[in-house]
Amino acid sequence: LAPRNLPRVLESAWPRSPCWSAATNAIQEAHATSRGDMCRIAVIGAGPLVGIQHCSAIKALEAFGVELACICQRRADDTAVAERFGVPLYSDVQEMATHEHLEGVVVSAPTHLHLPCVEKCIAGARDRQKALGEERLGLRAILVEKPLCEDLHSALRLVELAEKAGVLILVGHQRRHSVFVQRARDLVQDANFGPLRGLTAEFALLKPESYFKRDDPRLAWRGQKGKGGPVLINLIHELDLLRYITGHEVTTVFAATSSAARAAEVEDTGAVTVVLDHGAVGTFFFSDAAPSPWSYEFTTQENKKYPPVPGSGPGDCYHFMGAQRSLAFPSLRSYRYGQEVAEAGWDAPLTLEEDTPQKEDPIRLQMAHFVKVCRGQEQPVCSGRDAIQSLAVTMAVLRSAETQAPVRPGDLFTSSACSPVSRAIADPKQTSADQSPTTTYRETVAIGDFGFSHDKKTSASSSI
């Protein structure tokens, strides 16, 4: 690869920012010092919403030694995406990981299949290592779509399995890579902003009936409790960004949800109040049953799947209020009192400051980061342990909505899931002594679902 081509390639895969030149140099150096072979990445679950975007992001990075090695689909006759990208197709995860030399794997299957997919990836990589007599596992990292798993027990098991195998986990909270989010994080965590007093967030849009496809058993999980619903699939993004942008953890959650719009097992609308570790409070409203432009997707317009909003613009979906200034997101309009004001307060005029970073695709930025994780140049921006914290807050929302009582996320790390990872994650001051009995049942995945079935544990005292 001629060095003169690299900056042009990076221009579409890395944000223009003060560190853009450093990022360019880092990629150039990493490519120049690599073994000269490709970083081969497989995608499990190349569906039309997310999986195919990962495939395109990998193909876009071919210029700096990245290859879409193969695709694994539930059914062997689901050949369209593999044919489009000209790569081999598998329907069994372990067979794929055994036969293919892979540095990285992207798991974009339904949430309840994340753990068995990772298990089979690692098992196949070990089979390959043994067959070839290699000293170390060829598989270096796995990008698991969010949420990491459908429950904390499965997520803890996944992270422990990967850590034991020496495989890094990057969780697909791709919004962390957004240039808007990065700038908001810089502003909110700046000494001239806080301390943070509170925040508000909205996620409201209308999912079409075709999204649910009630007559398609492959998509039935989208309407099933514990697998689908906007809390687990969508609100987790907002809750993760709350943690990432502010740098604070959630200590208490209170939620109310409704399923009145579709009368389904899962919620469609709800409101959440959170308390942060330093005493600030936040409110979230969410609905996937209302025609609205007030959501991250429509306000940032980063994802080209969503059409532009008519009129002068949809405004903002998040607001952060600090002791010294406030910030609207994603417009990045910041309000404060200037030094010329004798006494700050409602009688004095506010000063407006604006910032307009160049828009980039977070999925491609995330994939560029994942390649560097596979090559050992960076640690995951969102590790498995980090993502478990966001999952715990999400589980607390579901538990609070069910019990109509406040829930502390740390209390969900009960002794039934006690492990080195859970002990490291849970705050000992929050951890409950409650010991919920666990029941093991056999969940048999339909024939053709990536070639596996798996055991799962669930708490007998809770339905989430």
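Axes are lines fitted to C-alpha atoms, for helices over the stretch in contact, and angles run from 0 to 180 degrees between N-to-C directions. The model is predicted, so local features need pLDDT of at least 70 and side-chain atom pairs count only at pLDDT 80 or more, while totals for chains, interfaces and linings use all residues. Residues are numbered from 1 along each chain as its sequence is written, and side-chain values use heavy atoms, with hydrogens and water left out.

**View 1. Overview of the chain.** The secondary structure consists of 14 helices and 16 strands; helices (H or I, at least four residues) and strands (E, at least two) are DSSP runs numbered from the N terminus. Of the 464 residues, 52% are buried, where buried means under 20% relative accessible area, exposed over 50%, and partly exposed in between (1.4 Å probe, protein chains only). The accessible surface is about 20500 Å², and carbon and sulfur atoms hold 51% of that area. Accessible areas come from the Shrake-Rupley method with a 1.4 Å probe; for residues, only the protein chains shown count as cover. Among contacts (heavy atoms within 4.5 Å) with a separation of 6 or more, 68% are between residues 24 or more positions apart.

**View 2. Packing of helix α7 on helix α13.** Helix α7 (residues 152–165) and helix α13 (residues 384–403) pack at about 175°, and their axes are 10 Å apart. The two helices are therefore roughly antiparallel; angles under 35 degrees count as roughly parallel, over 145 as roughly antiparallel, 65 to 115 as roughly perpendicular and the rest as oblique. From α7, the contact uses L152, A155, L156, V159 and E163; from α13, G384, R385, I388, L391, A392 and M395. By class, eight of these residues are nonpolar, one is polar and two are charged. Ala, Val, Leu, Ile, Met, Phe, Trp, Tyr, Cys and Pro count as nonpolar, Asp, Glu, Lys and Arg as charged, and the others, Gly among them, as polar.

View 3. L152 belongs to helix α7 and counts as buried because its relative accessibility is 8%. Apart from neighbours within four places in sequence, L152 contacts I388, L391, A392, M395, L412 and F413. The C-alpha atoms of L152 and Q389 are separated by 9.4 Å, although these residues are 237 residues apart along the chain.

**View 4. Crossing of helices α8 and α10.** Helix α8 (residues 179–188) packs on helix α10 (residues 230–246) at an angle of about 50°, with axes 8 Å apart. This angle makes α8 oblique to α10. V181, Q182, A184, R185 and V188 of α8 meet L241, Y244, I245 and T246 of α10. The contact has six nonpolar, two polar and one charged residues.

View 5. Strand β1 (residues 39–44) runs parallel to β2, and six bridges join them; two strands pair if DSSP finds at least two bridges between them. I41 has L68 of β2 as its bridge partner. In β2 (residues 66–72), six of the seven residues are buried. The buried residues of helix α3 (residues 51–60) are G51, I52, H54, C55, A57 and I58, and they pack against β1, β2, α4 (80–85), β4 (104–107), β5 (141–145) and α12 (362–374).

**View 6. Loop residue S108.** S108 lies in the loop between β4 and α6 (114–132) and is buried, at 13% relative accessible area. Not counting residues up to four places away in sequence, S108 touches I44, G45, V50, G51, H54 and E145. Between the C-alpha atoms of S108 and C72, 36 residues apart along the chain, the separation is 10.0 Å.
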